[in-house]
Amino acid sequence: MANLVNLDNVSQAFGTRILLDGVSLGLAAGEVVGVVGRNGDGKTTLLRILTQDLEPDAGQVTVSNSASIGVLTQHQGGDPEQSIRDLVLGGAADHVYASEANRRVIVEALLAGVDLDRPLATLSGGERRRVGLVEVLLGDHDLIVLDEPTNHLDVEAIAFLAEHLQARTRAGLAMLVVSHDRWFLDTVCTRIWEVHDGFVDAYDGGYAAYVLARVERQRQATATE
């Protein structure tokens, strides 16, 4: 199966610090990749390059012509005067969107107790993030890129999100996610990319499998040395 996104020998530096050094990788339909690494090692930079929000210093980024990408960033934009209803539901009245189960369950689970007619300008940071997450989930995308999606969600909402994404990825949705929530990564991810020292190491499985495989790689490297 052809990849939705490919990086070929991509490098990126900020000042004298090299965050990515000749990185090549790809993401296919149905793959769910968790991106991990120390703060400042380039996780968000990698996501920005993959979504073509940032042009790399060197290398090539190829996105399938037919691929639609939805992105949840740490700082969602949007027109401050626009209402939540207009942004995520296209202005649909309650009885209209409520009749569509796939939309209703997302709104009810992630925006419970939030007045949909409130302007974005009146929302707290946490509320704006939840609205941004709903906007991405309701979009017709082939790939969604989520930067810390579980921030500002309670336990029930996180469990709903994990179950919802599992169902969507079984149907072919691809996903890239940066998260410090190890349970979430272990539940939804099929692969882990570890960003470190300018490189990206790939591991099969969720977070627990990544931890074990990483320890084994380090043991073998030490033995070889």
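These legends go with close-up views of a sheet and a helix in a predicted model. Local features need pLDDT of at least 70 and side-chain atom pairs pLDDT 80 or more, while totals for chains, interfaces and linings use all residues. Numbering starts from 1 along each chain as its sequence is written, and side-chain values use heavy atoms, with hydrogens and water left out.

**View A. An open sheet of three strands, in the order S2-S1-S4.** The pairing is antiparallel; strands pair if DSSP finds at least two bridges between them, and strands (E, at least two residues) and helices (H or I, at least four) are DSSP runs numbered from the N terminus. S2 (17-28) and S4 (58-63) sit at the edges with a single partner strand each, so one side of each has no neighbour in the sheet. From one strand to the next, the twist averages 15°; axes are lines fitted to C-alpha atoms, for helices over the stretch in contact, with angles from 0 to 180 degrees between N-to-C directions.

**View B. Where S1 meets S4.** S1 (residues 3-14) and S4 share five bridges in the antiparallel sense. Look for Ser 11, whose bridge partner in S4 is Ala 58.

**View C. Helix H1 across the strands.** H1 (residues 43-50) lies across S1, S2 and S4, at about 130° to S1.

View D. Among the buried ones are Arg 128, Arg 129 and Arg 130. Their cover includes S5 (69-72), H2 (84-89), H4 (101-110), S6 (143-147) and H6 (155-170), with contact meaning heavy atoms within 4.5 Å.

Definitions and conventions. Buried means under 20% relative accessible area, exposed over 50%, partly exposed in between (1.4 Å probe, protein chains only).
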